[in-house]
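Hello! Here is the structure I promised to pass on to you. Have a look at it first, and then read my notes below.

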Amino acid sequence: MKICLVEDDLELGKALQSSLQDAGQEVVWVRRAGDARRWAETEPFDAMLLDLGLPDGNGVEVLRDLRAGGHTLPILVITARDSLEDRLNGLDRGADDYLVKPFAVSELLARLRAVMRRTTGWSESGEPVWKVKDLVLDDKRMILTRGGVNVVLSKTEFALLHALMRYPDRVLTRRELEARALPHSEGAALDVHMSHLRQKIGEGYIRTVRGVGYVVDK
């Protein structure tokens, strides 16, 4: 998983980043509410770990703003605030889970996996299998099926569809898609690959948002 860790405490932030990376996760660690908003707007993450007590604002406000903006990013609140009112407020504002400090990293990882199973296409085995309509994309085996029939994609086409299916109903900008699938491309390469991808999977899956990018609608 690619995780955005929002934690202002230096010691805890370093420890969490190190533990998550040791567990095979990719972690971007930020310490301010403003940075959390900016990263969430510009970088596709699989999940966010969000502290509530931040130096430039309340984490609940970050949560509220992201949900108001249409973000479906799985968000797990990590905080020392353990009152029932705080937990209910966080969940009502859009948190997918709420974990009170101190906690074991093993529990944090287990809760992340549970959140991913509930909110995305991750399978019970913990392997990512993304589903949109009758498309099923097996991340580990790099296999795409449509209505149970295999669809052969190039490496670039698979990377493009993978990025879009991870974030259904979210518009990914051209820059985001190029960074994930075509890091060294120039000119109209993205459009060419997207055209080939659409020909292979058919119409009704990928929608163009003119002047912005592309989106897969659920």
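In the contact between them (heavy atoms within 4.5 Å), domain 1 takes part with 12 residues and domain 2 with nine.

Please keep in mind that this is a predicted model, where local features need pLDDT of at least 70 and side-chain atom pairs count only at pLDDT 80 or more, while totals for chains, interfaces and linings use all residues. Residues are numbered from 1 along each chain as its sequence is written, and side-chain values use heavy atoms, with hydrogens and water left out.

UniProt, in an unreviewed entry, places "domain: Response regulatory" at residues 2-116; such annotations may be inferred rather than shown by experiment. That stretch is 47% helix and 23% strand, where helices (H or I, at least four residues) and strands (E, at least two) are DSSP runs numbered from the N terminus.

Now back to the interface. Domain 1 and domain 2 bury about 760 Å² between them, meaning accessible area (1.4 Å probe) lost on being put together, summed over both. Of this, 43% is on carbon and sulfur atoms.

Which side chains form a salt bridge? Those of R166 and D46 do, at 2.2 Å from N to O; the rule asks for a Lys or Arg side-chain nitrogen within 4 Å of an Asp or Glu carboxyl oxygen. Across the interface, one salt bridge is found. Helix α2 (residues 33-42) gives the largest share of domain 1's side of the contact, three residues.

Enjoy exploring!

Note on methods: Buried area is the accessible area (1.4 Å probe) that two parts lose on being put together, summed over both.
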